[in-house]
Amino acid sequence: MDHAKVAKDVLSAVGADNIQAAAHCATRLRMVIKDESKINQKALDANPGVKGTFETNGQFQIIIGPGDVDKVYAELIKTTGLSEATPDDIKAAAVNGKKINPFMALIKVLSDIFIPIIPALVAGGLLMALNNVLTAEHLFMAKSVVQAYPALNGFAQIVNTMASAPFTFLPILVGFSATKRFGGNPYLGAAMGMIMVAPDLINGYAVATTMAAGKMVFWNVFGLNVAQAGYQGSVLPVLVVAWILANLEKYFHRHISSAFDFTFTPMLAIIITGFLTFIVVGPVMRGVSDGLTTGLVWLYNTAGAFGTGIFGTFYSAIVITGLHQTFPAIETTLLANVKQTGGSFIFPIASMANIAQGAACLAVFFVTKNKKQKGLASSASVSALLGITEPAIFGVNLKLKFPFVCAMIASGIASAVIGAMHVLSVSMGPASVIGFICISARSVPGFLIGVVISFVLGFALTFVYGKRVLNATPEMAAVTDAAADINLAPEASDAGKVQDEIVAAPVAGESVPLQQVDDQVFSAEIMGKGAAIIPSDNNVYAPASGTVTVTYDSMHAYGIKTDAGAEILIHLGIDTVNLAGAHFTTSVRKGQIVQQGDLLGTFDVAAIKAAGYDSTVMVIITNTLAYGGVDRINNQTVKSGEQLIALTENINQGNV
């Protein structure tokens, strides 16, 4: 790479006078831009030295790649005369002088609260779907499965108990997660959630009927009647309660001496929050929650197919903005009150949108003549059809624009059809072609009709239009080449220089797919394919024998080129460059020869988490394009040194 030229091209596209501050991490240039409307995005997309761009938290980030980004940054600083800055400086500059959008801040808060508890809700939801299969009449026959085969009745009852638990005790899950997000002790939040669903209270699902029948039981508190109402399945009340609890706890920590803090702060925070919950917050927020649920059901019933069609058309656009992170809060409310709502209309629409994006991406695979793009589209389309749309949306469809629009049209039509057929989900799960497992039994045929419409239209529209325009002009060919390069970091000249190889785990922990990482650059495989590890140990070892090509003063990342040709990036945590080396040590230097199993360095996992950072370790093969296959070996738990990634050479390389 000609680092000086790339820096010059970046400055030309961004504008040298348009940069307020600039820094870099292991893979990206991070800039605070004065006016983003002046950025020549087309020039950046077409630049072979730029692997991708995106904007987040007031920073415009340009992905260059490990081993090159620091050199491009140095040239950029030399050319502009800007002062070198750290990622913390950039973060401060991004916030300084800019108004924080309250709505976007709310979205971020809801996302932080609900994403950690979604696995529990998905587990409960899929068990609920299994229970529905066992107990629904007219699904396979006139009778339900348990009616036809009474021996399965006990099994179905146990499944129903397990399925109901996450929703019945939802305030405990939300209380834990929300209190943690608001800066309080999450275990106090869980305790407050337990109080809100205590067995002595009237079950939250029966409060309305108990009130209507005039049978509600009250406490007499200094002459004030306080309803003994529970909050099973509630969302909004516990969010407000968690915020109050966390702020009370922080207040008492500041004002109670250390000698008494440990004893009295939890007690005072709980008792004050508890009384406020049952006297004020709970009843008010229950009314708001019931009103929101009733309003959503009314809107769905009133707008019908037209409303779902509009929602389905713009769902993928909403995903790009991040607004979809608010949907779990709404969907959880709908599912928790399934007897009133019938289920959620959000999940079926999300499925239509994801399937349409996957189908459009698959059409690109068949219509494009660009080999790089074919490779990306083939994997990204399958991922999208199974519910993970980031690689397809960001790597293919948005870059070419027309596949994204075609998918929006297909999703809108399919969503209108399922809206007309009143398709509702009764649980959370994968919004994809296998989403029927979460759909009400009577609605499964309607859902499958929507799946077919979404896929066929998304594929056909993209294929027909793509045949007309894709690669039709030199300019379009340049754009498609750039789009194909977004996901894959290697240069074409790397082909023919690699051999089959097994890359070992550099750290011990739980191996997870790279797509699950909470960073779009890694999850969308923009830097290359690989694997991620949730670490259980503080030591980092060389995953293969080779030469250390990248080290940083922040010690949060290493690059190794193996003897067999693999270029490996080991990235310790997400955004941990901001720690400026705190909690990290290193035992190697750039250019050093290492053997597999040699200690590269250490990182204090507990301290990194305590500082508020995700400690997930990413292992990326940055020259993915040079290989015929880069596959995560399916180990749920790995020890350092165990097999993690299998690399197979491209059969077209001519290597024997």
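This is a predicted model. Its largest nonpolar core holds 39 residues, and those touching the most other members are Val10, Leu29, Met31, Leu44, Ile62 and Leu76. Elements that supply two or more residues to this core are α1 (3-14), β1 (19-24), β2 (28-33), β4 (59-63), α3 (69-80), α22 (520-523) and β17 (617-621). The top contributor is α1, with six residues.

Take Leu29. Leaving out residues up to four places away in sequence, Leu29 touches Val10, Ala23, His24, Phe60, Gln61, Ile62, Ile64, Val69, Val72, Tyr73 and Leu76. Another core, of 38 residues, lies apart from the largest one; Val174, Ala242, Leu245 and Ile270 are among its members.

Now the open space. The second largest pocket has a volume of about 890 Å³. It is lined by 35 residues, and Gly204, Tyr205, Gln232, Ala336 and Asn337 are the closest to its centre. Two or more lining residues come from each of α6 (118-135), α8 (153-168), α11 (207-212), α13 (258-321), α14 (327-336) and α15 (338-341). Of these, α13 gives the most to the lining, with seven residues. By residue class, the lining of the second largest pocket has 16 nonpolar, 16 polar and three charged residues.

Which state do two of the cysteines, Cys361 and Cys438, have: buried or exposed?

| Residue | Relative accessible area | State |
|---|---|---|
| Cys361 | 0% | buried |
| Cys438 | 0% | buried |

Cys361 counts as buried because its relative accessibility is 0%, and buried means under 20%. With a sulfur–sulfur cut-off of 2.5 Å, the disulfide count is zero.

Conventions:
Residues numbered from 1 in each chain as written. Predicted model: local features only at pLDDT ≥ 70, side-chain atom pairs only at ≥ 80, totals over all residues. Heavy atoms only, no water. Buried < 20%, exposed > 50% of the residue type's maximum accessible area, 1.4 Å probe, protein only. Core = buried A, V, L, I, M, F, W, Y, C linked by side-chain atoms within 4.5 Å. Helix = DSSP H or I, 4+ residues; strand = E, 2+ residues; numbered from the N terminus. Contact = heavy atoms within 4.5 Å. 1 Å grid on protein atoms, 1.4 Å probe; cavity = no way out; pocket = protein on both sides within 12 Å on 5 of 7 lines; lining within 4 Å. Points joined across faces, edges and corners; volume = space filled by probe spheres on them. Nonpolar A, V, L, I, M, F, W, Y, C, P; charged D, E, K, R; others polar.
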